[in-house]
Amino acid sequence: MAQSARTDCPELPDFSLLKRLARDQLVYLLEQLPGKKDLFIEADLMSPLDRIANVSTLKQHEVDKLYKVEHKPVVSTSDQLCFLIRPRIQTVKWICDVANADKAVGRFRRYKIIFTPRKFYACEAVLEEQGIFGEVTTDEWSFSLLPLDDDVISMELPEFFRDNFLAGDQRWVRTAGSALHLLHSLYGPFSKLYGIGRCSKMAYESWREQVEEGEQTTRQAEIGKVFLIDRDVDFVTPLCSQVVYEGLVDDIFRIKCGCVEFGPDVTSSDKSLKVMLNSQDKVFSEIRNEHFSNVFGFLSQKARNLQGAYDKRRGMDIKQMKTFVSEELKGLKQEHRLLSMHIGASESIMKKKTKQDFQELLKTEHSLLEGFEIRESISFLGEHISRQVSMMESLRLLCLLSITENGLLPKDYRSLKAQYLQSYGADHLLTFSNLRQAGLLAEQPAGEALTAMESKVGKLVNDKAAGKLTDAFSSLGRKSNFRALSRKLNLVPKSDEEYDLRVPRDMAYIFSGAYVPLSCRLVEQVLERDGWSGMEEVTRLLNGHEFAVTGGSGAEARTQSDAQRIVLVMFLGGCTFSEISALRFLGREKGYKFIVVTTAITNSSRLIESLLGNQI
């Protein structure tokens with residue numbers, strides 16, 4: 001895994017303080033309801049809560065039984081019920097039903113609702129409408145930052161993307177501003193803030209308001225610069241197939257809150273195993289950012305080294321053996337367990353990802369990114385839909401085609417949409433509407449220049465040459481933002497050069513050398529230029545909303561040179577593991593340390609699932 005890296009990278013701040021603050025606040029809120037109580041926890045809060053306060057901590061503070069919120073009549077016999085929920089009207093209505101059902105049978109209980117990360121007026125209005133506002137106490141647990149690793153913090157708000165970018169609901173923007181404010185209070189002051197995107201600008205303004213309202217601190221900064229970016233600035237990156245190890249594990253096994261559940265096919269036993277994936281896992285920390293083609297070589301070398309360490313015990317005398325057992329054996333056994341688990345996971349990935357279908361999928365993806373053989377790619381996509389290979393993969397490729405080509409030609413859009421609805425059902429009409437509204441799918445306006453000529457050429461010559469000619473004509477007839485951005489920022493390296501994935505030369509290695517993620521390239525360019533100067537054309541193509549400001553009076557002077565090289569990148573709408581790997585690579589190359597804060601970890605499946613028509 002040879003990689004040229006600078007050795008003067010600064011140390012990261014200690015984010016365990018965020019966990020302690022969240023735990024202390026939750027304990028305080030639970031103690032506001034003295035005595036034994038049963039705690040009802042919303043399903044998507046269970047994993048984050050487990051990282052903050054385990055069952056024994058809750059039991060210490062008089063929580064008797066734990067239940068999952070299931071929107072059914074409760075079986076609890078306790079006289080005190082506490083509900084830990086997201087601010088969702090549906091859940092609040094269910095709590096009202098529980099309270100009213102108790103009232104109907106003359107049962108008296110005390111109820112407490114803890115909303116996290118915020119309490120919304122709409123939820124209190126429901127309590128009032130249902131006539132139980134005075135019988136329920138409500139509180140707010142402002143838990144909005146969960147450290148998943150030394151350099152990754154998640155707000156665990158997957159609904160942020162759909163609410164903001166599809167529904168236009170900006171209620172979570174202030175939560176993002178508050179999260180930034182908390183980081184500023186503990187690890188700031190920030191010397192420079194950069195950003196791009198409408199939502200990023202609003203989050204920055206919310207943060208600025210909170211800073212002005214609060215007390216000014218004169219502490220030594222641990223984080224120097226901040227970069228905010230909206231997910232809709234770069235949709236191409238999350239739609240690409242992930243090929244770094246951590247990204248593949250997420251795609252196939254679904255990493256949830258920093259944990260993954262490996263099934264019997266990985267563990268080589270009849271049981272599943274839940275594993276925490278972070279830098280504490282010494283094997284994982286060395287392969288997480290690697291292109292998958294390098295992983296098996298590393299694991300086999302590691303296995304040989306491990307065998308060598310075990311073989312050392314031969315020929316030892318009693319004293320040496322005692323030292324070996326007390327000091328080394330436990331560590332070797334742990335490493336052996338981790339190694340066999342990651343080998344099992346890699347084998348499972350290999351079975352799924354080396355099939356012919358996946359290789360053809362990658363080839364099509366790379367063609368779309370490069371802008372070559374578009375007609376062939378459209379034919380492949382049509383066949384992929386007709387064969388019903390994968391509902392999600394077909395939608396992903398359709399969106400990638402649309403974004404890279406700045407929309408589909410009307411005839412292609414109608415044809416592919418009709419094929420998709422025939423294959424997967426007419427209820428996906430709403431899915432297509434959502435994808436269009438979110439900007440992932442677009443149809444070019446009818447009657448664009450050269451469309452008629454393009455169709456005539458297609459009729460005259462029905463072979464591969466026709467495909468290339470029609471591509472040329474259609475690209476002349478419109479200006480593609482992705483193509484223009486790709487040229488200006490050099491996102492697609494020249495394909496005539498051999499790319500050595502064992503010694504990556506740039507961030508494109510995370511996509512097999514085919515594409516440098518736009519989001520990470522923007523971070524790199526803005527840090528190099530200390531702002532957006534000279535990138536006016538790029539920001540115009542990205543619909544603007546860019547900003548670059550100093551953090552406040554004297555902030556830069558109080559920020560040590562080490563802190564200046566610690567950059568917090570905040571993704572509003574989700575971030576992929578591939579982008580995190582790319583930023584880690586960039587940090588090693590340029591002497592920065594990047595901290596990634598995201599509303600949630602995402603990938604192509606999660607992104608598209610959030611826009612499916614069957615979502616409520």
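In which sense do strand β3 and strand β4 pair, and over how many bridges? The model is predicted: local features need pLDDT of at least 70, side-chain atom pairs count only at pLDDT 80 or more, and totals for chains, interfaces and linings use all residues. Residues are numbered from 1 along each chain as its sequence is written, and side-chain values use heavy atoms, leaving out hydrogens and water.

**View 1. Pairing of β3 with β4.** Strands β3 (residues 80-85) and β4 (residues 110-115) pair in the parallel sense, over 6 bridges. Pairing requires at least two DSSP bridges between two strands. Strands are DSSP runs of E, at least two residues; helices are runs of H or I, at least four; both are numbered from the N terminus. Phe83 stands opposite Ile113 in β4.

**View 2. The open sheet.** The order is β2-β1-β3-β4-β5, 5 strands with parallel pairing. At the edges, β2 (63-68) and β5 (136-140) each pair on one side only. Neighbouring strands are turned by 20 degrees against each other on average, direction ignored.

**View 3. Helix α2 on the sheet.** Helix α2 (residues 43-52) packs here, touching β1 (37-41), β2 and β3. Contact means heavy atoms within 4.5 Å. The directions of α2 and β1 make about 110 degrees. Angles run from 0 to 180 degrees between N-to-C directions; axes are lines fitted to C-alpha atoms, for helices over the stretch in contact.

**View 4. Helix α6 against α19.** α6 (residues 159-166) and α19 (residues 429-438) pack at about 75 degrees, axes 9 Å apart. Arg162, Phe165 and Leu166 of α6 meet Asn434, Gln437 and Ala438 of α19.
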